Amino acid sequence: MAKTKYTREEALAFHLEPTPGKWEVNATVPMTTQRDLSLAYSPGVAVPCEDIAQNPELAYDYTNKGNLVAVISNGTAVLGLGNLGALGSKPVMEGKSVLFKRFADVNSIDIELDTEDPEEIIRAVKLMSPTFGGINLEDIKAPECFIIEQRLKEECDIPVFHDDQHGTAVICAAGLINALHLSGKKIEDCRIVLNGAGAAGIACLELVKAMGAKHDNCIMCDTKGVIYQGRSEGMNQWKSAHAARTDLRTLEEAMAGADVFLGVSAKGAVTQAMVESMAENPVIFAMANPDPEITPEEAHEVRPDAIVATGRSDYPNQVNNVLGFPYLFRGALDIHARAINDEMKIACAEALAAIAREDVPDEVGLAYGKQLAFGRDYIIPTPFDPRLIHRIPPAVAKAGMDTGAARRPIIDMEAYEETLRGRMDSTAPILRSINNRARQAQARMIFAEGDDPRVLRAAVMYQRNGLGKALVVGREDDVKQKLEAAGLGDAFRELEIVNAGNTRYLETYKEFLYERLQRRGRDLKDIHRLAARDRHVFASLMLAHGHGDGLVTGATRKSAHVLERINTVFDASAEHGAVGVTALLLNGRIVLISDTLVHEWPEQDDLATIAERAAGVARHLGLEPRVAFVSFSTFGYPVSERAQKMHLAPKVLDERGVDFEYEGEMTVDVALNPKAQEAYPFQRLTGPANILVVPARHSASISVKLMQEMAGATVVGPILAGIDKSIQICSTNMTANDILNMAVLAACKVG
């Protein structure tokens, strides 16, 4: 898999636009009238204040405490970057906060404390702890992190969790459960070697021992070798707790005959000779980041029977903390836990391990571009597995309830699982899936408008994100100048610049075009002008001749003009069944609207074709199509000649015998709102529609732009469907990122 590359400018722009930082605060209550203000603040707020003062438990009912976690750091051990200080760590902590929200719908605030004194940190966190339902400590160096966490766990009545320690330990434990399952070994019989006696290493060994590993079977090593009983050099109380009774003194000696190696140390710490000396079916978790102690290729070269995991996303079996901390806190918050204890961590690890042993849902395979199945290269679930949110928190919550950590136990576990399913943003897996499919496809993408800086930035991102080869239609000197102005001068050599002057295919293109257009009033001069001077036509000709796999255009001209130009090369008209489908993404929902591009005033047969094309797009995106033919009337009332075709279109689909749900005609609220659908028990949709077929292009345009401007919906498209090549037409107000998304759709051949 290609490694993602990004420039310094891209990273800074991501944090700067559209507003500085990565999260913002929104009110969850109306704040429009004087009455709203009186209830939200004085005098109405006095009522819950007095109740909470009498019974502190009510804070979980009347405030956001029960779904709020603080991410706290002093920046002394940032992501392998070292001591950047409190302010230098803020982008990382903001990132951690948005991961909480994205993966488990946990609200989170990052707090950076400007001190290296453990006592000051303990005091600060303890004083602010009433605000939060949990505390996530992050990137605080050892050994201070041990002192801070231990004291806060003793002094606070909410979960305090240092993710660098326990997050890594939990995912490591999950992988180890499955690796030992595959190699037919029991944890209590295994000889385990750990290299790296810092926060994560010590936590890994503690959890492994809590799961049954024997103390003297576990050998911990640091830069000075084995930590053995009686060693005095480079020791502290946390290392001493894991000192083994052993004559082994070096990592090399310890590895001989070992069943398991756990590494949280440094690149290259393990040699092939060490791996060769391990027991049969060795388990190697080389988790140093960004580069492992030994690569999977190096390990498998000498031991094909090894099961290898790393911290890297470009290798199988990634030990990724995002599989743990969001769901641990979700489960802990939902029982109003006093702590996250070992039993809750082990429950999390066991639930993760169980998920990996089951059949993998199709959408996960689709997202990763390959079918995953439990085995040596798949012992840990992927971060985008949709089962994580409704499987892990219940396991954590149950363990918390069983061990007395819960203030408010969950009575109905099935209902709880159902609420967890509803928490997740359904659009995120879809977008992730198409990005991964595009990365697998490695399409040669033609960017037709190489004179536009947004298009050039999108082309650079497409290539540097490992999605494929970017072919830019433009003049070399102009492209070079515009890339330099955008701070991307070094990308000029990476892109392939194509134009009529440097292609050897111009005569072939012109012959093809003349054949198509000679009886449409075009002479040879017209053909030359179109092929050599019109970038939309030239790019379309490239695509038609297989000199690229997909085409993105339309960022600089109105879509009607661009479609007219594409029609000179392809049959992309209404009579040939071409359709424009626009995706609206809002509040975790995705709805497709069509036709937004081609058909001016479709009749019932056209509407049926539009529905079929939109259903194809929906399936490409990983949605099961539910089509609603929408109008201002529902099932014939009020009676109107203008709504008649929407009434007849489903009958056309009846005759065609299609394999997706459809219904109509109906108003938009009946299409999208299950409550409104209950008034029509005979209707055939099994849930809210995700495709709205509208009466005409003007209603499609009004609907999309109204949702975009008034509701803030994200608009993707129009996606051009129904032609035999992959073309996506941008709109003129798109950003570089939007254009990149259109290229991703083209690479996946959506439509």
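A salt bridge is counted where a side-chain nitrogen of Lys or Arg lies within 4 Å of a carboxyl oxygen of Asp or Glu. The structure is a predicted model, in which local features need pLDDT of at least 70 and side-chain atom pairs count only at pLDDT 80 or more, whereas totals for chains, interfaces and linings use all residues. Residues are numbered from 1 along each chain as its sequence is written, and side-chain values use heavy atoms, with hydrogens and water left out.

By the salt-bridge rule the count comes to 47. One of these joins arginine 684 to aspartate 654, with the closest N and O atoms 3.4 Å apart. This pair links distant parts of the chain, since arginine 684 sits in the loop between α30 (674-677) and β19 while aspartate 654 belongs to helix α28 (residues 644-656), 30 residues apart; helices (H or I, at least four residues) and strands (E, at least two) are DSSP runs, numbered from the N terminus. Residues are called buried under 20% relative accessible area, exposed over 50%, and partly exposed in between (1.4 Å probe, protein chains only). Arginine 684 is partly exposed because its relative accessible area is 39%, and aspartate 654 counts as partly exposed at 40%. Salt bridges that share partners also join Lys90, Glu94, Asp110 and Glu112 into one network.

A salt bridge is also formed by the side chains of glutamate 358 and arginine 387, at 3.6 Å from N to O. Here too the pair links distant parts of the chain, with glutamate 358 in the loop between α16 (342-357) and α17 (362-368) and arginine 387 in the loop between α17 and α18 (388-402), 29 residues apart. Glutamate 358 has a relative accessible area of 31% and is therefore partly exposed, whereas arginine 387, with 10%, is buried.

The strands are described next, two strands being taken as paired if DSSP finds at least two bridges between them. An open sheet of four strands has the order β2-β1-β3-β4 with parallel pairing. Its edge strands are β2 (107-112) and β4 (160-162), each of which pairs on one side only. On average, neighbouring strands of this sheet are turned by 25° against each other, direction ignored; for such angles, axes are lines fitted to C-alpha atoms, for helices over the stretch in contact, and the angles run from 0 to 180 degrees between N-to-C directions. Six bridges hold strand β1 (residues 68-73) and β2 in parallel pairing, and leucine 68 has asparagine 107 in β2 as its bridge partner. Helix α6 (residues 90-104) packs on the sheet, touching β1, β2 and β3 (134-137), and its direction makes about 165° with that of β2, where contact means heavy atoms within 4.5 Å.

Strand β6 (residues 218-222) pairs with β7 in the antiparallel sense over two bridges, and the bridge partner of aspartate 222 in β7 is glycine 225. The side chain of aspartate 222 also meets that of arginine 231 in a salt bridge (2.6 Å, N to O), and both of these residues are buried.

Strand β16 (residues 589-594) is largely enclosed by the rest of the structure, because five of its six residues are buried. Strand β15 (residues 579-586) pairs with β16 in the antiparallel sense over six bridges, and valine 581 stands opposite serine 594 in β16. The hairpin of β15 and β16 has two residues between the strands, and asparagine 587 takes a positive phi near 50° there. Strand β16 is also joined by three bridges to strand β19 (residues 691-693), with which it runs parallel, and serine 594 stands opposite valine 693 in β19.

Alanine 747, in helix α32 (residues 736-747), counts as buried because its relative accessibility is 5%. Leaving aside neighbours within four places in sequence, alanine 747 is in contact with Ala438, Ala441, Ala443, Met445 and Tyr462. Alanine 747 and valine 552 are 195 residues apart in sequence, yet their C-alpha atoms are 9.8 Å apart in space.
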